[in-house]
Amino acid sequence: MNEDWIKYAESFTSDESDVLRELREECYAHYEDKSMLSGFVQGRVLSMFSKMIRPKVVLEIGTYLGYSALCFAEGLAEGGKVITLDIQEDTNKVAREFVAKTEYKDKIEFHLGFATEIIPTLPETFDLVFIDADKPNYSNYYDLVFDKVRPGGFIIADNVLWSGKVLLDEKDENTKALHEFNQKVLADKRVSNVLLPIRDGLMIVRRD
Ligand SMILES: C[S@@+](CC[C@H](N)C(=O)[O-])C[C@H]1O[C@@H](n2cnc3c(N)ncnc32)[C@H](O)[C@@H]1O
């Protein structure tokens, strides 16, 4: 999308909280992996989805600095929670510090470790799952969470356009994994889906 269109879209989107802005600015100022964090508009989209779904339990695979976890928390049903998984200790510490400053501090549950090992130990049923971690595992994550998503629940996967590289004939490991994930979802008769071309591509999947 043209830069001016993006700026226009941003200017006509409800503002984020002060903590989310502080977190985003902290990331842009001090972290190399700036693009890992859901940006402003995508954050507002995730928050809006959560407000539409009103989930009791959200599972997020890939916490990073906690930005998207806080966006999902904004739409939780009464008594709901976000369970968020990551393997990186240093960024997890920062995420916990930011979350502790918010009204959602008791509603976000952090788990540190490999997501493929943690997911099978979680007893909850999920209303919404956000897949946003290592790309080669996207299809594994989909299979691991599927039976734990309630019928009518949603799986959202980030970066499914991978800066357009999914269209290239020659695909590296991450690109191949993302393209195969997209093919897997499209072929899955148990779901309906839409690939939303916002930011780096969000795959929205509904378990029918
Ligand atoms: C793109 S970032 C997540 C961004 C965050 N969801 C947001 O939008 O603000 C991906 C995160 O996945 C984590 N990650 C990578 N491989 C993982 C694994 N095998 N298990 C758990 N987390 C993993 C990384 O440490 C990183 O923090």
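1. A polar contact, as the term is used here, is a pair of N or O atoms within 3.5 Å. In this predicted model, an oxygen atom of the ligand is 2.6 Å from an N or O atom in the side chain of Asp86. On the nitrogen side, a polar backbone atom of Gly62 is 2.7 Å from a nitrogen atom of the ligand, and a polar side-chain atom of Asp132 lies 2.8 Å from a nitrogen atom of the ligand. The protein covers 93% of the 610 Å² of accessible area (Shrake-Rupley method, 1.4 Å probe) that the ligand has on its own.

2. Around the ligand there are 20 residues (each with a heavy atom within 4 Å of it), and Ser38, Gly62, Ser68, Asp86 and Asp132 come nearest. By class, this shell holds 10 nonpolar, six polar and four charged residues, where Asp, Glu, Lys and Arg count as charged and Gly is among the polar ones.

3. Confidence is given as pLDDT, the predictor's own value for each residue, from 0 to 100; the protein chain has a mean of 97, and 100% of its residues reach 70 or more.

4. Two conventions should be kept in mind. Residues are numbered from 1 along each chain as its sequence is written, and side-chain values use heavy atoms, leaving out hydrogens and water. Because the model is predicted, local features need pLDDT of at least 70 and side-chain atom pairs count only at pLDDT 80 or more, while totals for chains, interfaces and linings use all residues.

Definitions and conventions:
A polar contact is a pair of N or O atoms within 3.5 Å; within protein, one must be able to donate a hydrogen and the other to accept it, and residues adjacent in sequence count only if both atoms are side-chain atoms.
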